[in-house]
Every structure is written in C-alpha cells, then in structure tokens.
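These notes record what I looked up in the structure shown below.

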Amino acid sequence: MIRLKKNGPYWQAWWTDVTGRRRVKSLGSRKSLTKRQAEEICFGMHQDLSVTRGGSNLRVPTLGDWCLRYLELRSSELSEATEKLHSRACKLLLSHFGSDRLIVTISRADAADWRHELSQQFLDSTVCKWVRCAKVIFSHALGHDYIDKNAFDKLRGTARKTETKLLDLSEKQLSETITHSGKHRVW
C-alpha cells in the first residue's frame, strides 16, 4: 500500500518493499499539487505496479509474459516431462485468467475459483497436480520479487484418499463370479 505524507512543502509517497525497507518518492510541491491530485498519483503508482524493489524498477509482468519467462528460466532445470507438465499448467492458468492479467492482481479467491473450475473438468488427483504446478510457478514469481504473496500457496495440492470397499465373497460366490465372467482359471 502506498501512503501519502507531507514533507515540508512537498508531497511524498511512502511504502515498504518486499525486503521490508521503507521507500520514498517525492510527488511534487504542495503549492502546485492538491492533496486529491497527490492521492490520485499514489493510487496510479499502486495501479501501475511500477514499484521499487531491491533498488531497481521492475515492471510486474502479465500472466502470459510470466509463463513464457518462467518456462524459459526453468528449461535447463526441468526434465522434459516436468517441463511439459508446467507448460500445460501455464495453458490452464492462461485459459482461465487470460494472458493480459497482471500476476499481482491474482488473489487467493481467484486461485480458488481457478481450482473450482478445474474440478468441474478433471478428477481430484489431476486438479491437485495442476495446483502443485501453479504453486511452483508462482513461488518463482515471488522469488523474483514480482509478487508479494503466492495466491496459490493455500490451495490443497494433495488428492483425497478414496475409500475402497472390499467385498467379502465366499468361495461359492467367487466361483460363480469367475464362471459368469467367461474366464475359467485354475488358482
């Protein structure tokens, strides 16, 4: 959050970066800039998402740009199968959020909606696989200081165990089942 403060005859924008350091930017003279205009500049800075991080200006990427960059960065690290898996996860993210969506605007609620949409198409174990991939993809964005939190980190990525019912068949029932299946086997 960017805060507006007075500094003598000037307006200043104050915020804390991801390293916990306080950052300050002068907005201009209070004589030439009303408080409302200064607040709009702060809001614009927040919306523009050009924030000072680690001493340099980084532009927060769109989801499409980040997916391309992520796959580029990890291509030498990931096995071919894992790279295909992460590429497919990127396609699923892009189909839900769109490629022009800024990655910092994806909230935990948005991530939960994405997971719910996947659960309408896939089994729970498959959904969990895509969730785990999204967690990794966004944890790398977090590591590169593009985002302040991983929106996918709280999603369940482990499939629930399915209860298997075992039948307790007598020898006669087992024999009838084998006979009716058309397969006669000697045990």
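I checked Trp-114 and Phe-152, and both are buried, meaning under 20% relative accessible area, with exposed being over 50% and partly exposed in between, for a 1.4 Å probe and protein chains only. I note that this is a predicted model, in which local features need pLDDT of at least 70 and side-chain atom pairs count only at pLDDT 80 or more, while totals for chains, interfaces and linings use all residues. Residues are numbered from 1 along each chain as its sequence is written, and side-chain values use heavy atoms, with hydrogens and water left out.

**Aromatic pairs.** I searched the whole structure and found five aromatic pairs. Rings of Phe, Tyr and Trp (its six-membered ring) pair if their centres lie within 6.5 Å; planes under 30 degrees apart count as stacked, over 60 as edge-to-face and the rest as tilted. The ring centres of Trp-66 and Tyr-146 are 5.5 Å apart with planes at 65°, so I recorded this pair as edge-to-face. Because Trp-66 belongs to helix α2 (residues 63-74) and Tyr-146 to the loop between α5 and α6 (171-180), the pair ties together parts 80 residues apart in sequence. Trp-66 has 1% relative accessibility and therefore counts as buried.

I then returned to Trp-114 and Phe-152: their ring centres are 5.4 Å apart and their planes at 85°, so this pair is edge-to-face. It links distant parts of the chain, with Trp-114 in helix α4 and Phe-152 in the loop between α5 and α6, 38 residues apart. Ring pairs join Phe-97, Trp-114, Phe-138 and Phe-152 into a cluster.

**Helix α4.** I listed the buried residues of α4 as Asp-110, Ala-111, Trp-114, Arg-115 and Leu-118. They cover an arc of only 140° around the axis, which puts them on the same side of α4; the arc is that of the directions from the helix axis to the C-beta atoms. These buried residues pack against α3 (80-97) and α5 (124-143), where contact means heavy atoms within 4.5 Å.

**Charges over rings.** I found Arg-30 over the face of Trp-11, 5.6 Å from the ring centre. The charged end of Lys-129 sits over the ring of Trp-130, 4.8 Å from its centre. The criterion is NZ of Lys or CZ of Arg within 6 Å of the ring centre and within 35 degrees of the ring normal.

**Whole chain.** I recorded six helices and five strands, where helices (H or I, at least four residues) and strands (E, at least two) are DSSP runs numbered from the N terminus. Buried residues make up 30% of the 187 residues in the protein chain.
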